[in-house]
Amino acid sequence: MEEEQPIQALTDETVLALSLARPSLYQTIIDRYEAAFLRRARKIIGPREEAQDIVVETFTKIYFHADKFQFQPGASFRSWAYKILFNTSLSYYRQLKRREARQM
């Protein structure tokens, strides 16, 4: 009988696929990426409290679209996840700029 690997030893792609059946495993993805996502979001929108909202929204989008992720040569879960983070951050940034412009 083959022994199961610890969850930390599995690739992001594998953890994401397994989390569809066992949602509690998704915490592993969050643990791996949360700090880096927060740093990246802050680089895009600045040191605003909305950066945490962006990260939460990003993780939500990743999970709800996990079934659409397909491994492709030259592309990884990491690049896919960062693309979602970038797009979410950019949307927030645009909203913030529109709000600021209206307040002037």
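**Notes on the predicted model**

1. Is Ile 84 buried or exposed? Its relative accessibility is 14%. Buried means under 20%, so Ile 84 counts as buried.

2. Leaving out residues up to four places away in sequence, Ile 84 touches Thr 58, Lys 61 and Ile 62. Another pair to look at is Ile 84 and Val 55, which are 29 residues apart in sequence, while their C-alpha atoms are 9.9 Å apart in space.

3. On the H3 side the residues are Glu 50, Asp 53, Ile 54, Glu 57, Thr 58, Lys 61 and Ile 62. They meet a set in H4 that includes Phe 77, Trp 80, Ala 81, Ile 84, Leu 85 and Arg 99. By type, the residues of this contact are nine nonpolar, three polar and five charged.

4. How do H3 and H4 lie relative to each other, and at what angle? They pack at about 135°, and their axes are 9 Å apart. Angles over 145 degrees would count as roughly antiparallel, and 65 to 115 as roughly perpendicular; H3 and H4 are therefore oblique to each other. The crossing of H3 past H4 is right-handed.

5. Now the nonpolar core. The largest one has 29 residues, and Tyr 26, Phe 37, Phe 59, Ile 62 and Phe 77 are those with the most contacts inside it. At least two residues of this core come from each of helix H1 (12-19), helix H2 (26-45), helix H3 (50-64) and helix H4 (77-103). H2 gives the largest share, nine residues.

6. Which residues does Phe 37 contact, leaving aside its neighbours within four places in sequence? They are Val 55, Thr 58, Phe 59, Ile 62, Ala 81, Tyr 82 and Leu 85.

7. Last, the protein as a whole. It has four helices and zero strands, in the order α-α-α-α from the N terminus on. The C-alpha trace spans about 70 × 25 × 20 Å along its principal axes. Of the 104 residues, 36% are buried. Among contacts between residues at least 6 apart in sequence, 57% join residues at least 24 apart.

Conventions:
Residues are numbered from 1 along each chain as its sequence is written. This is a predicted model: local features need pLDDT of at least 70, side-chain atom pairs count only at pLDDT 80 or more; totals for chains, interfaces and linings use all residues. Side-chain values use heavy atoms; hydrogens and water are left out. A nonpolar core is a set of buried Ala, Val, Leu, Ile, Met, Phe, Trp, Tyr and Cys residues joined through side-chain atoms within 4.5 Å. Buried means under 20% relative accessible area, exposed over 50%, partly exposed in between (1.4 Å probe, protein chains only). Contact means heavy atoms within 4.5 Å. Axes are lines fitted to C-alpha atoms, for helices over the stretch in contact, and angles run from 0 to 180 degrees between N-to-C directions. Angles under 35 degrees count as roughly parallel, over 145 as roughly antiparallel, 65 to 115 as roughly perpendicular and the rest as oblique. A crossing is left-handed if the near helix is turned anticlockwise from the far one by less than a right angle, and right-handed if clockwise. Ala, Val, Leu, Ile, Met, Phe, Trp, Tyr, Cys and Pro count as nonpolar, Asp, Glu, Lys and Arg as charged, and the others, Gly among them, as polar.
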